[in-house]
Amino acid sequence: MVRGIHTAASGMTAQQAMLDTLANNLANADTIGYKQDLSTFRSLRDLALRRYERGDRGHGAPVGALSTGASFDSAAPDLAPGTLTRTGEPLDAAIVGDGLFCVQTPNGERYTRAGHFELTPAPAKAGAAPAAFLTDTQGNRLLGARGAIDVGAARTVTIEPSGAVVADGRTLDTLRVVKAPASALRHEGSNLLASSALVTPALPTLRPGYVERSNVGVVGSMVRMITVQRAYEAAQRTVTAQDETLGKLVNEAGRF
Amino acid sequence: MRALYTSATGMMAQQLNLDVIANNLANVNTHGYKRSTVHFKDLLYQTMLAPGATAAGGGQVPTGTQVGLGVADAGTSRVFTQGTLQLTGSDTDVAIRGQGFLRVLMPDGSTAYTRDGTLSVDSQGRLVTADGYAIQPEVTLPADRETLTISPNGTVSVKRQGQTAEETVGQLQLTRFMNPAGLNSLGDNLYAPTAASGEPQDGSPGENGLGVLVQKALEMPNVEVVEEMIRMITVQRAYETNSKAIQAADEMLQGANNLKR
C-alpha cells in the first residue's frame, strides 16, 4: 500500500517532465530550424514478489511481478522537416531533405538547421586584407568543405542551391552539410545540436532565400498537453485513493 | 515546475516579436525605412541523463534525457532589400537603387548614414536631410539657379538664370557596408557603423556596387503589409499557446496541492 503511493507519485513526476518538454517545444514554435523534442516514458524496474511464510524468509513462493511506476525516459529531437518560408534574403538557406549545417563554436563543431546567416567582419588587422565570415546569429562561423569561409571584401555574396558560396561571381567553397542519427543528436541551446556519434557528409540541396520554420506541431502538442494533464490528474487521484485507504488502516483498523 | 518559466519565456519572445512587427507596420510610409525581423534561439538544456552514459543494466543510454528551458531572442536584424521607388517630382528628392547609403554630418560632428533621400535646401544653399543635417561631402547650390539635375552617378548640376549651359556644383557620394544588418539604428532614418557592420566604404554612385541615384524619386520602405499581418496572427496564436501551457502547468500544480487536504 505504501509502495502504491510512490508508484502513483512517479507517474506524476514523469508527466511533469513531459509537460516541461512540451512547454519548451511550444516556446520554440517560432524559432527557425528548431526540431521538437519527442519524449518517451519508461516503466521502472519490476519487483519480484514472493509470499513469505514462517521460516522461509528470502525464498518464498513467487507470486508475480510488481512494477514500481514510470519515469521520464528520453527526449530526442524529431528530425522531420519544418515548413519553408520565403524571406528573400540572399544569405538565408533552407536544407531540402536531411542534413545539417556545420558551424564552428568555441566548444567544437556543432550542427544546425537554422539557415539564417550573416556576414560578420573579422577584427581588422594592420596590413592584412579585410576578412568577413559567414556566421550564424551568434557569430559562430559557418563551415564549408575547406573550413570557415572568408569572403574578404566581396560586394555580393550568395548561396547557391548546390551549397556553393559565390562571392562576386567566384565560387569560394561549398557548404559542409552532414547527416547524423536523431538518437545521437542533442539540443545544446542557441539553435545548435551536438552529436555523440560520428557524422557523415551529405550532398546539400538548398533553397536559397528561404528559412525552415520549426517543426513543432502546435495541434499535436496541445493534444498531448491535455493528455499529460489528465494523466497527471489520474495519478493524483490514485495517490489520494491510496492515502484514504491508508487513513482507514491507521484510524479504523485498530478499533476492531 | 519548469514548464511555467519555459512558457513564460515563450510569451516574452512573442511579445518582442509583436513589438518589432508593430514598428514595421508603423513605418509603412516612412521613406527609406528597412524592416526588422527578430531571430530566436532555444535556451539552455538541463541534462538529467547524459546521452551515452552507462545505463543501470550496463548498456549505453542511446539518447539521454534533456529538458529545454525555453526560448530567447538571438537579435533583431534589419533586412536591407531594395524598396520600391515612388516618383515625387521634387528636384531635391533622390532614391538610391543599390546598396549604398547617403552620408550626413550630425550636430555632434559624427557621421551617420541614411537611405532616406528626402533632401531640401537650407538657408545657406546646402543640401540637407529632412532633419536639416548636411549631406557629406557638402553640396552648396547657387541662389540664382533655375534648374537642378542630379545624375545617376551623383553629379549635381544647375543652370543659372540667363545661362544656357549647365554647371557642375557638387558630387554626391554613397557609402556601403559589408554587413548592413550590423548597423546601429539611431532613429530618424539614420544608422551608425559598428564593429559588426564593417568599415564604411565611400565612393561615387555607380562604382563598387554602391548603386545609382534616381532623381525625383524616393524609396518606399520594404515592409510587406500582408506578410507582417500574417506574422502578427502567428505571433498572437503562439502567445496564446504558451499561455495555455502555463495554465496546464498551473492546474497540475493545483492538483498536487490538493493531494494533502
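This is a predicted model: local features need pLDDT of at least 70, side-chain atom pairs count only at pLDDT 80 or more; totals for chains, interfaces and linings use all residues.

Start by selecting B:Gly198, which sits in the loop between strand E17 (190–192) and strand E18 (201–203) of chain B. Helices here (H or I, at least four residues) and strands (E, at least two) are DSSP runs, numbered from the N terminus. B:Gly198 has a relative accessible area of 8%, so it is buried (under 20% relative accessible area; exposed is over 50%, partly exposed in between, with a 1.4 Å probe and protein chains only).

Residues are numbered from 1 along each chain as its sequence is written, chains are lettered from A and ligands numbered from 1 in the order in which they are written, and side-chain values use heavy atoms, with hydrogens and water left out.

Zoom out to the whole of chain B. Its secondary structure comes to 2 helices and 20 strands. With a radius of gyration of 27 Å, well over the 18 Å that the globule rule gives for 261 residues, chain B is more spread out than a compact globule (the radius is taken over C-alpha atoms, and the rule is 2.2 Å times the number of residues to the power 0.38). The C-alpha trace of chain B spans about 100 × 40 × 35 Å along its principal axes, and 46% of the 261 residues count as buried.

Next, show the side chains of B:Lys34 and B:Glu219. They meet in a salt bridge at 2.5 Å, N to O (a side-chain nitrogen of Lys or Arg within 4 Å of a carboxyl oxygen of Asp or Glu). B:Lys34 lies in the loop between helix H1 (2–26) and strand E1 (36–42) of chain B, and B:Glu219 in strand E20 (residues 217–219), so the pair ties together parts that are 185 residues apart in sequence. Buried or exposed, B:Lys34? Buried, at 1% relative accessibility; B:Glu219 is buried too, at 2%.

B:Arg115 is in the loop between strand E8 (111–114) and strand E9 (120–121) of chain B, 104 residues from B:Glu219. Both of these residues are buried.

Another pair to pick is B:Asp122 and B:Arg126, a salt bridge with the closest N and O atoms 3.1 Å apart. B:Arg126 is buried, at 18% relative accessible area. Hop over to chain A, where salt bridges that share partners join A:Lys35, A:Arg113 and A:Glu212 into one network. The count over all chains comes to 17 salt bridges.

Last stop: the helices. Select H1(B) and helix H2 (residues 225–257) of chain B, which pack at an angle of about 160° with axes 9 Å apart. Axes are lines fitted to C-alpha atoms, for helices over the stretch in contact, and angles run from 0 to 180 degrees between N-to-C directions. H1(B) and H2(B) are therefore roughly antiparallel to each other (over 145 degrees; under 35 is roughly parallel, 65 to 115 roughly perpendicular and the rest oblique).

Then bring in helix H1 (residues 2–27) of chain A, which packs against H2(B) at about 165°, axes 9 Å apart. That makes H1(A) roughly antiparallel to H2(B).
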